[in-house]
Amino acid sequence: MNADPSRPSPAGRPENSPLLPFAERELPAGRHQFHKERLMARIHEDLRTADAATTTAVTTARAGGPRNPFLRRAVFVPAAAFALAGALAAGFFSYVDRGAPDGPGSTVATGPALTTRIGAADPKGAPQLLDRISLASFSASGPAVRADQFIYIGSRTATTYVKTVGDKSTVVSEELHMRHQWNSPDGAQGWLIEPGNTGPAGVTLAGPDEKGNTRTPYLNAPTYDYLATLPTDPDVLLRRIYEETQGMGSGPDQEAFTTIGDLLRGSYPPAELTAALYKAAAKIPGVVAVDDAVDAAGRTGIAVARLDEHSGQREEWIFDRQTLAFLGERSVQVQGESGEQGLIKPGTVVFTSAVVNRTVVDRMKELPPTAR
């Protein structure tokens, strides 16, 4: 779907009027200068009313190459005004919403780190498991998408990071919260509502890049129409993934695994492509099966995973034990320590997301009955 994340819309603009594009977090795609100025004004207003002692600098526990934040896990970076100005220029932005569709209050830095039991990894079980998952995904494909419809993905998510106040650093986690996103098949239209990142009405996901050019979809910022053009031969598909992500992330194998995981969680691939993605993942060195994992909705299952040896974090795709349906994804610190001062310990859930509803709707911002 189109390049996008969770950013605020300019204050005071009617919901049904066209919104300017918003600043993205990890993907270095800019936005109109006017929109940036409005965002900065709103940030400065918040900062002026906040207690200066609570100004924080956040260090994330996970590094990676530029990527569509609509797919990649979100990272929140509250900071002083001068730092925010630089962050906006780089396309790295955070906004604390004061009231959200899911309930009152901010979803930023609210409590102790999420922790979990680390499941046992089986390096020999992944190929067979992924083959079964591939077959199951093909037989359980969703409805086709018309050009005038929208893809809706409702997910429950949270991120853990290191928060520094003065000279004290602690590991904190967001509240688990819902993220609602809509995208047209061609990516020309889209909308996002996410507590802590957008106002209650949400923000548009449409718009040109900082130069006013129409965005061109690619692996890390795909549209449904783009995904339909990808090869469904697993070997050809995997080769293309390696080629297009060369030089990104902490290594080619890990980046290929992450890219596939992002597509499985944050997009709506056609059935043939979904099956091919699983078969391609089975060919990536270091992929393992994990006997136990829990998604952000509390659903337990089995997982396909890969350890990022650079960070010591294991990226897990979680599946229902019986149906093998994709449930969600999480990253767990399993080896060593990471983050500022090594505060993120083994067992910490660095990122978690559960796809609770993924379907096709007829209108922008329409919620399917099961999501209401």
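A strand here is a DSSP run of E, at least two residues long, and strands are numbered from the N terminus. With that in hand, I start my entries. The model I am reading is predicted.

**Entry: the whole chain**

I counted the elements of the protein chain and got seven helices and 15 strands. I then looked up burial: 56% of the 372 residues count as buried. Next came contacts between residues at least 6 apart in sequence. Of these, 67% join residues at least 24 apart.

**Entry: strand β9**

I went to β9, residues 190-193. Is each face of this strand covered or open? I found both covered. Gly190 and Leu192 are buried on one side, and Trp191 and Ile193 are buried on the other.

I looked for the partners of β9. Strand β8, residues 177-183, pairs with β9 in the antiparallel sense over four bridges. One pairing I noted is Gln181 with Leu192 of β9. The two strands form a hairpin, with six residues between them. In the turn I checked Gly187, whose phi is positive at about 80°.

β9 also runs antiparallel to β10, residues 203-204, and two bridges join them. Here Trp191 stands opposite Thr204.

**Entry: helices α3 and α7**

I compared α3, residues 126-139, with α7, residues 271-281. Their axes come within 8 Å and cross at roughly 175°. Angles over 145 degrees count as roughly antiparallel, so α3 is roughly antiparallel to α7.

Which residues of α3 meet α7? I listed Leu130, Asp131, Ile133, Ser134, Ser137 and Phe138. From α7 I listed Ala271, Glu272, Thr274, Ala275, Tyr278, Lys279 and Ala281. The residues of this contact divide into seven nonpolar, three polar and three charged.

Most residues other than glycine have a negative phi.

Leu324 has a positive phi, near 65°. I placed Leu324 in the loop between β13 (313-319) and β14 (326-333). Is Leu324 buried or exposed? Leu324 counts as buried because its relative accessibility is 8%, and the cut-off for buried is under 20%.

Lys365 also has a positive phi, about 70°. I found Lys365 in the segment after β15 (349-361). At 26% relative accessibility, Lys365 counts as partly exposed.

Key. Residues numbered from 1 in each chain as written. Predicted model: local features only at pLDDT ≥ 70, side-chain atom pairs only at ≥ 80, totals over all residues. Heavy atoms only, no water. Buried < 20%, exposed > 50% of the residue type's maximum accessible area, 1.4 Å probe, protein only. Contact = heavy atoms within 4.5 Å. Pairing = 2+ DSSP bridges. Axes fitted to C-alpha atoms, helices over the stretch in contact; angles between N-to-C directions. Parallel < 35°, antiparallel > 145°, perpendicular 65-115°, else oblique. Nonpolar A, V, L, I, M, F, W, Y, C, P; charged D, E, K, R; others polar.
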